[in-house]
Amino acid sequence: MILKKQFFILFMSLTLAVSCKKEEETTPVSNVKDNTHLTMGNPSNATTNTAIPANYLLEKKQYILSYNRDKGIPNWVSWHLNNSWLGNAERQDDFRDDDTLPAGWYQVLGSSYVGSGFDRGHVCPSADRTASIADNSATFLMTNMIPQAPDNNQGPWARLEDYCRTLVDQGNEVYIVAGAYGQGGTGSNGAARTINNGKIFVPARTWKVILVLTNGNGDVNRVTNNTRVIAIDMPNQQGVRSSNWGTFRVSVDAIEQATGYDFLSNVPTAIQNVIEAKVDTGATQ
Ligand code: MN
Ligand code: MN
């Protein structure tokens, strides 16, 4: 009896080992471990193929991004925001290099922006990840940063970040994708096309695509022609500090055209065609 039981356990262990191996072999390298943050799609079809360093998929529990090795910045960062991500964790301010990048890739340091006249601008904001210290700390990895003009970062960009959390306070969950395109911005020391001895690219424009749903489940299937989508495209320049973010609203189609990405690609095309052509006119605070 005991022998029989042992044999059964051995048999089951072998079966499990074989099936795990099989799954490993058939899982494509582009598959994400937890794709919550990419529920609405992967805008540039980023993958973990290191042979494509300009569109490298980097996954964190807290957000997912497409990194551009030669620009030293993300192409885009995508994250889901609902009340489960918001808590009482303090701002960690532990700006640091991301040592999860492939071996041999240049790692931007926490100090790399010093003296540049540009802020270490979070793409996924610190204040969107306050449920735990680890969550907040993850937003300070330099792979989540772009050189951002202080007036952009601390002005309308910051107020739009606040507004996304206001939407959550009002009973919504939001899917956010943000990034930058073009080259050449104006920081507090004047214009620049790169910083850190040419290792970090300064983008010309910063953009965001925000999809708003009331709290619920099965999110892709709840997107309709009437779902609110906010898209903004603002200059990476000084002089915009007091501007209302609402004045930078554009259609998602306009950002798709400017970046070459396809946003909301998991939403049926007929619905994308409607919601991506509109320019939001809703509340801005
Ligand atoms: Mn910021
Ligand atoms: Mn699209």
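**Overview**

I looked up burial first: buried residues make up 52% of the 285 residues in the protein. Buried means under 20% relative accessible area, exposed over 50%, and partly exposed in between, with a 1.4 Å probe and protein chains only. The model is predicted, so I kept in mind that local features need pLDDT of at least 70, that side-chain atom pairs count only at pLDDT 80 or more, and that totals for chains, interfaces and linings use all residues. Residues are numbered from 1 along each chain as its sequence is written, chains are lettered from A and ligands numbered from 1 in the order in which they are written, and side-chain values use heavy atoms, with hydrogens and water left out.

I then looked up the secondary structure and found six helices and 13 strands in the protein. These are DSSP runs numbered from the N terminus, helices being H or I of at least four residues and strands E of at least two. For contacts, I used heavy atoms within 4.5 Å. Among contacts between residues at least 6 apart in sequence, 70% join residues at least 24 apart.

**Manganese site**

I looked up the protein donors of the manganese ion (ligand 2) and found E256 (OE), D262 (OD), F263 (O), Q272 (OE1) and E276 (OE), lying 2.2 Å from the ion. Donors are N, O and S atoms within 2.8 Å of the metal (3.2 Å for Na, K and Ca); water is not among the atoms, so sites may look incomplete. Along the sequence, I read the spacing of the donor residues as E-x5-D-F-x8-Q-x3-E.

E256 counts as buried because its relative accessibility is 15%. D262 is partly exposed, since its relative accessible area is 32%.

**Helix α5**

After α5 comes G260, whose phi is positive, near 80 degrees.

**Cavity**

Grid points are joined across faces, edges and corners, and a volume is the space filled by probe spheres set on the points.

I counted one cavity of 30 Å³ or more. The largest cavity holds about 110 Å³ of space. Its lining has 16 residues, with M40, S78, Y175, V177 and L264 nearest the centre. β3, β6 and β11 each supply at least two residues of this lining, and β6 gives the most, with three.

By class, I found eleven nonpolar, four polar and one charged residues in the cavity lining. Ala, Val, Leu, Ile, Met, Phe, Trp, Tyr, Cys and Pro count as nonpolar, Asp, Glu, Lys and Arg as charged, and the others, Gly among them, as polar.

I found about 250 Å³ of space in the largest pocket. Of its 16 lining residues, R91, H122, S126, A127 and E161 are the closest to its centre. The elements giving two or more residues to this lining are β4 and α4 (156–169), and α4 gives the most, with four. I sorted the lining into six nonpolar, five polar and five charged residues.

The second largest pocket has a volume of about 150 Å³. Its lining consists of R159, D162, Y163, T166, S242, S243, N244, W245, T284 and Q285. Here I noted two nonpolar, six polar and two charged residues.

**Two single residues**

I looked up F201 and placed it in strand β10 (residues 200–201). F201 counts as buried because its relative accessibility is 16%. Leaving out residues up to four places away in sequence, F201 touches K71, I73, P147, G182, Q183, R193 and T194.

I placed A103 in the loop between β3 (73–81) and β4 (119–122). A103 counts as exposed, because its relative accessibility is 79%. A103 and T50 are 53 residues apart in sequence and 9.8 Å apart in space, C-alpha to C-alpha.

Terms used:
On a 1 Å grid over the protein atoms alone, a cavity is a set of points where a 1.4 Å probe fits but cannot get out, and a pocket is an open set with protein on both sides within 12 Å along at least five of seven lines; lining residues have an atom within 4 Å of a point.
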